[in-house]
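This report describes a structural model, beginning with the packing of its helices and continuing to its chains, their contact and selected residues.

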Amino acid sequence: MRETVIDAHNLSKIYDEKTIPVYALNKVHLHISRGEFTAIKGPSGSGKTTLLNMLGGLDIPSEGFVEINGTNITALKGNELVDFRLNNIGFVFQSYNLIPVLTAKENIEFIMLLQKRPEKEREQRVLELLKQIGMEDKINKRPRELSGGQQQRVAVARALAPKPQFILADEPTANLDSVSAENLLDMMLKLNQEENMTFVFSTHDQRVINRARRVITLEDGKIVSDTAPTTVEHI
Amino acid sequence: MLTKIASRNIWRSRKRSLIIITAVSIGLWTGIFMMAFYNGMIEQRINSAISSELSHIQLHHPEFRKDYEIKYYLPEGRKMLEKIANKQEIKAVAGRVIIKGMIASASGSSGITINGVMPAEEQLLTNLKGKIIKGSYFNPKKENEILISEKLRKKLKLNLNKKTILTFQDREGNLASAAFRICAIYKTINGPYDDANVFVKITDVDSLAGIPKAINEIAVLLHSSKSVLEIQKNLSQQFPKSEIKNWMEISPELGLTVSVGDQMVYIFMGIILLALAFGIVNTMMMSVLERTREIGMLLALGMNKFKIFMMIILETFFLILAGCPIGILLAFATIGITNQTGINFSEFSEVYSSFGYSSIIYPTLTWNQFGNIVILIILTALFSALFPAKRALKLKPAESLKK
């Protein structure tokens, strides 16, 4: 039996609870195991980003809770939650969201610095990741000197750097051209295969959906379909 | 890493950073210069008061200063003078006979203080000769000579070599009067002082006042202002029957001028700091609001709120650090130049003179004051950064990332 990484129980997010309640998420149950490459799809406003935010501890559910490796993160407060995110969850956002004043190397190193990892370990990991994403020659480039695809690859490397439990990616290919999107997907799939890294995407992009091992469809805050989970080994 | 991010962040919006750096520079420059200007003005006023009017320490009969009555003189005054003159810390000492009286001419009369002085000693003490603009200093061979001020000369329509009448009460309370010939006209920077003081030789008035060979005031000038309290204490022990006062005690209004001026400078500084604070709050707030998404991303990645807070504070600190050297350099250059050349307000000399100030101001500043201003500016800037930093702390990652 595969290890469960994310366990969401009865998740609801209700806006305007006191007037006319709007369910951004409505009693969602979700289990994600280690090594999954999962896409969450659905039309705009279906609750994809909200679900991703809940799974990443960026937003608090109105009902239900999320367990990551057995830790109820919904119960964590303040710095406890921040530290949990820092040490367990990797994020890739839609609009690259690199720190503009830092170089590619410094961006990748950033989370490890927050974790106070030793310099030698950081250097080694950064070089390893830059090689994996094929950007050794861009080590000292700042985000504005990189293309959208390159920035997104650095963002993935940054998310991977501290070896998190899983990576949450909110529409990672949304702003990329088709070649860059394919390259990014290839890279993430490779990391999924080689490092058994768990990826969860929210996406509209059919290319991502086609490459995903598991596809969850959301509509009006509810899961309307969930394909059988498969890991790379099972393909 | 925080330092690196903060220091690089300040150059993201060059125009905005330059505005705040300029504001800090101008604030510092104006603040330091104003302080130096005021210092120069007050220092000149005090120096002038000490060197021309009060000296550092004065000795009197304990009752004398209540009503300036002649009968309260220092019987042992001349011996006291000798003893004081022997002290190492003393630069100059002189005895005086101070009489409140009237000066009269054909055109009118005026209430004045008649300063019966020892010409040679007084010259060392107050450089009275140096203030003469017309005529010549006391001639030892001549009797009943008088030095009057230019203001008094105009007021009483007097002139050099003309006679004037001094009238006052002697030791017994009888009216005494004598004619004095004007040997010189003097002028100081202090209009009110000039209005109210005339100088005669002590030997010409002591007998007339009924206290021959006696004195009722001893004025002491020290080599250094720092030893005033020590020498005052020392003299008090040596002459316990006399009243011994330092210049601040003799002229409390001068102390008041200093403190009122201090308050004015602090009010002015307060306005500068307030403007600076508004500028910083505005700039840093814009910076935080523009970076809402970025700050949300940092929070999401695991940067805790304390680090976000420190990042904003550090950014402000670096902006100030960039502005400080420019402001300090400008201030030092301006003070350096004006300290040599002086700032000439001779067009307003009458106004300055009426308050006892020189119309040429030489700005000056102590390191202590300079340090205080710099610390004050840095504290204001950091304090101003608290508001935007607090705003950044309120951001929630999920909401911020949507922006």
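This is a predicted model: local features need pLDDT of at least 70, side-chain atom pairs count only at pLDDT 80 or more; totals for chains, interfaces and linings use all residues.

The crossing of helix 2 of chain B and helix 13 of chain B is right-handed. Helix 2 of chain B contributes B:Ser17, B:Ile20, B:Ile21, B:Val24, B:Ser25, B:Ile26, B:Gly27, B:Leu28, B:Trp29, B:Ile32, B:Phe33 and B:Ala36 to the contact. From helix 13 of chain B come B:Leu319, B:Ile320, B:Ala322, B:Gly323, B:Cys324, B:Ile326, B:Gly327, B:Ile328, B:Leu330, B:Ala331, B:Thr334 and B:Ile335. By class, the contact of helix 2 of chain B with helix 13 of chain B comprises 18 nonpolar and six polar residues, with no charged ones.

## Packing of helix 2 against helix 15

Helix 2 (residues 14-54) of chain B also packs with helix 15 (residues 367-393) of chain B, at an angle of about 150° and with the axes 10 Å apart. This crossing of helix 2 of chain B and helix 15 of chain B is right-handed. On the side of helix 2 of chain B, the contact is made by B:Val24, B:Gly27, B:Leu28, B:Gly31, B:Ile32 and B:Met35. On the side of helix 15 of chain B, B:Gln369, B:Phe370, B:Ile373, B:Ile377 and B:Ala381 take part. The residues of the contact of helix 2 of chain B with helix 15 of chain B comprise eight nonpolar, three polar and no charged.

## Annotated transmembrane regions

An unreviewed UniProt entry carries the annotation "transmembrane region" for residues 18-38, 264-289, 309-337 and 370-389 of chain B. In the model, residues 309-337 of chain B are 100% helix and 0% strand, and the end C-alpha atoms of this span lie 42 Å apart. Residues 370-389 of chain B are likewise 100% helix and 0% strand, with 28 Å between the end C-alpha atoms of the span.

## Composition of the two chains

Chain B contains 16 helices and 12 strands. Of its 403 residues, 42% count as buried. Among contacts in chain B with a separation of 6 or more, 80% involve residues 24 or more positions apart.

Chain A has seven helices and 10 strands, and 48% of its 235 residues count as buried. Where contacts in chain A join residues at least 6 apart in sequence, 71% join residues at least 24 apart.

## Contact between the chains

The contact takes 19 residues from chain A and 14 residues from chain B. On the side of chain B that touches chain A, helix 1 (2-9), helix 12 (292-301) and helix 16 (397-402) of chain B each supply at least two residues. The residues on that side of chain B divide into nine nonpolar, three polar and two charged.

## Helix 5 of chain B

Within helix 5 (residues 119-126) of chain B, the buried residues are B:Pro119, B:Glu122, B:Leu125 and B:Thr126. Viewed down the axis of helix 5 of chain B, these buried residues fall within an arc of 125°, so they line one face of the helix. Their cover includes helix 2, strand 2 (90-105), strand 3 (108-117), strand 8 (197-201) and strand 9 (217-222) of chain B. Helix 5 of chain B is followed by B:Asn127, which has a positive phi near 50°.

## Surroundings of B:Thr167

B:Thr167 is found in strand 6 (residues 163-169) of chain B. It counts as partly exposed because it has 15 C-beta neighbours inside 10 Å. Leaving aside residues up to four places away in sequence, B:Thr167 touches B:Gly101, B:Met102, B:Ala104, B:Leu175 and B:Ser177. The C-alpha atoms of B:Thr167 and B:Lys100 are separated by 9.0 Å, although these residues are 67 residues apart along the chain.

## Positive phi in loops of chain A

Most residues other than glycine have a negative phi. A:Lys163, which is not a glycine, has a positive phi of about 55°. A:Lys163 lies in the loop between helix 5 (148-160) and strand 7 (166-170) of chain A. With 12 other C-beta atoms within 10 Å, A:Lys163 is exposed.

A:Glu171, also not a glycine, has a positive phi of about 45°. A:Glu171 is found in the loop between strand 7 and helix 6 (178-195) of chain A. A:Glu171 is buried, with 20 other C-beta atoms within 10 Å.

Note on methods. Residues are numbered from 1 along each chain as its sequence is written. Chains are lettered from A and ligands numbered from 1 in the order in which they are written. Axes are lines fitted to C-alpha atoms, for helices over the stretch in contact, and angles run from 0 to 180 degrees between N-to-C directions. Helices (H or I, at least four residues) and strands (E, at least two) are DSSP runs, numbered from the N terminus. A crossing is left-handed if the near helix is turned anticlockwise from the far one by less than a right angle, and right-handed if clockwise. Two residues are in contact if their C-beta atoms, placed from the backbone, lie within 7 Å. Ala, Val, Leu, Ile, Met, Phe, Trp, Tyr, Cys and Pro count as nonpolar, Asp, Glu, Lys and Arg as charged, and the others, Gly among them, as polar. The arc is that of the directions from the helix axis to the C-beta atoms. UniProt positions are given in the numbering used here, feature names are shortened, and annotations may be inferred rather than shown by experiment.
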